[in-house]
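The sequence and the model come first, and the notes after them are grouped by topic.

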Amino acid sequence: MRYTYIIILLLSCLISTAQEDDLLSEIDTDSVGDYYATAAFKGLKIVNFESTKLVAKKELTLIVSHRFGSIENGFDSFFGLDDAVTRLNFVYGLTDAINIGVSRSSFQKIYEASAKYRLARQQENGFPFTIVGYNSILINTALEKENLPKLEFSDRLGYTIQLLISKKVNTNLSLEIAPTFFHDNFVPYDEQHNSQYAIGLGGRQKLGKRWSINLDYGWHLNRADNSPFKNPLSIGFDLETGGHVFQMHFSNAQAMNTNGFLGQATGDWSDGNIYFGFNLSRVF
């Protein structure tokens with residue numbers, strides 16, 4: 001049943017190519033209208049990190065995300081398909097500059113609420129960057145009181161504060177930096193501080209009218225010594241197909257929320273311990 005579901009999602013993305021031109025109408029010009037740079041990123045995420053793109057006013061976007069298990073086990077786990085995790089994320093545009101979202105991830109059974117809001121826009125012959133704020137609060141419902149007798153509800157909570165700063169360098173290249181603070185009231189590694197800091201770096205390079213290659217990396221600034229977790233490095237490809245953006249990617253982090261991929265990435269690119277996944281975005 002799981003494989004049938006995955007195949008249906010993949011086919012729906014490809015079939016939609018001939019159906020709609022909603023996203024393709026967002027032409028990759030460096031400036032339009034009031035000379036604001038547009039379409040720096042076509043997806044709401046670069047790969048793992050949030051991009052500076054927002055959902056338009058009164059639009060609802062559903063993002064279905066799958067991240068399979070590590071491919072290093074080969075056919076034993078069918079290259080990770082046996083160990084997939086899924087995230088469903090709904091994002092609504094209150095205005096063109098303010099989005100709210102809710103999501104549920106099977107990784108640690110996490111529920112999350114978020115707000116994303118634009119503070120400034122890149123303008124030709126004016127302000128050189130687009131700046132977007134991102135905040136979220138999550139609940140980790142996978143923590144079990146049987147294993148943690150002193151567990152309280154507050155221990156399940158985590159928070160994220162990000163500043164997303166992007167620049168559309170030219171029609172084909174966009175770059176982003178994302179200073180990030182995140183806090184988990186419970187951390188799986190005792191030596192790790194609950195409050196953690198990171199800097200995200202990412203970019204998008206167009207390969208054609210519909211294709212781009214995306215890359216992002218999270219540089220954790222206060223990871224505990226001897227921590228088993230790694231800095232997340234991810235590479236992916238975006239395919240624009242009418243009303244969808246289909247993102248295929250490889251990452252050394254299986255978690256898809258910010259606290260998870262920045263704080264708990266376990267894979268290692270050097271030994272093939274990486275995860276394949278995809279995001280399918282549909283605008284209503």
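**Surface patch**

Tyr217 lies in strand E9. The model is a predicted one.

- Tyr217 has a relative accessible area of 31%, so it counts as partly exposed.
- Together with Ile177, Tyr197, Leu201, Leu215, Trp219, Leu221, Leu233, Phe250 and Trp269, Tyr217 makes a nonpolar surface patch of about 870 Å².
- Strands E8 (195-206) and E9 (211-220) each give at least two residues to this nonpolar patch.
- E9 provides the largest share of the patch, with three residues.

**Salt bridges**

- The whole structure contains four salt bridges.
- One of them joins the side chains of Glu240 and Lys42, at 2.8 Å from N to O. Glu240 is in strand E10 (residues 233-241) and Lys42 is in the loop between helix H1 (2-15) and strand E1 (60-70), so this pair ties together parts that are 198 residues apart in sequence.
- Both Glu240 and Lys42 are buried.
- Glu240 also meets Arg204 through their side chains, in a salt bridge of 3.6 Å from N to O. Because Glu240 lies in strand E10 and Arg204 in strand E8, the pair ties together parts that are 36 residues apart in sequence.
- Arg204 is buried, as is Glu240. Through salt bridges that share partners, Lys42, Arg204 and Glu240 are joined into one network.
- Another salt bridge is formed by the side chains of Lys116 and Glu50, at 3.0 Å from N to O. This pair links distant parts of the chain, with Lys116 in strand E4 (residues 110-120) and Glu50 in the loop between H1 and E1, 66 residues apart.
- Lys116 has a relative accessible area of 5%, which is under 20%, so it is buried. Glu50 also counts as buried, at 8% relative accessibility.

**Cavities**

- Rolling a probe the size of a water molecule over the atoms shows where empty space is left.
- In this model the count comes to two cavities of 30 Å³ or more.
- The largest cavity has a volume of about 250 Å³. It is lined by 27 residues, of which Leu44, Lys45, Glu50, Ile63 and Asn89 are the closest to its centre.
- Two or more lining residues of the largest cavity come from each of E1, strand E2 (85-93), E3, E4, strand E11 (244-251) and strand E12 (275-283). The largest share, five residues, is from E3.
- By class, ten residues in the lining of the largest cavity are nonpolar, eleven are polar and six are charged.
- The second largest cavity has a volume of about 70 Å³.
- The residues lining the second largest cavity are Asp184, Val187, Pro188, Tyr189, Gln192, Gln196, Arg223, Ser227, Phe229, Gly263 and Gln264. Four residues of this lining are nonpolar, five are polar and two are charged.

**Second largest pocket**

- The volume of the second largest pocket is about 170 Å³. Its lining has 19 residues, and the closest to its centre are Gln108, Asn140, Asp184, Phe186 and Gln264.
- Asp184 and Gln264 are also among the residues that line the second largest cavity.
- At least two residues of the pocket lining come from each of strand E5 (130-140), strand E6 (157-168) and helix H2 (258-263).
- The lining of this second largest pocket is made up of eight nonpolar, eight polar and three charged residues.

**Backbone angles**

- Most residues other than glycine have a negative phi.
- Lys109 is not a glycine, yet it has a positive phi of about 50°. Lys109 sits in the loop between strand E3 (98-105) and E4.
- With a relative accessibility of 40%, Lys109 counts as partly exposed.
- Asn226, which is not a glycine either, has a positive phi of about 65°. Asn226 is in the loop between E9 and E10.
- Asn226 is exposed, because its relative accessible area of 72% is over 50%.

Key
Residues are numbered from 1 along each chain as its sequence is written. This is a predicted model: local features need pLDDT of at least 70, side-chain atom pairs count only at pLDDT 80 or more; totals for chains, interfaces and linings use all residues. Side-chain values use heavy atoms; hydrogens and water are left out. Patches are made of residues with over 30% relative accessible area and no salt bridge: like charges are joined within 9 Å, nonpolar side chains (Val, Leu, Ile, Met, Phe, Trp, Tyr) within 5 Å. Accessible areas come from the Shrake-Rupley method with a 1.4 Å probe; for residues, only the protein chains shown count as cover. Helices (H or I, at least four residues) and strands (E, at least two) are DSSP runs, numbered from the N terminus. Buried means under 20% relative accessible area, exposed over 50%, partly exposed in between (1.4 Å probe, protein chains only). On a 1 Å grid over the protein atoms alone, a cavity is a set of points where a 1.4 Å probe fits but cannot get out, and a pocket is an open set with protein on both sides within 12 Å along at least five of seven lines; lining residues have an atom within 4 Å of a point. Grid points are joined across faces, edges and corners, and a volume is the space filled by probe spheres set on the points. Ala, Val, Leu, Ile, Met, Phe, Trp, Tyr, Cys and Pro count as nonpolar, Asp, Glu, Lys and Arg as charged, and the others, Gly among them, as polar.
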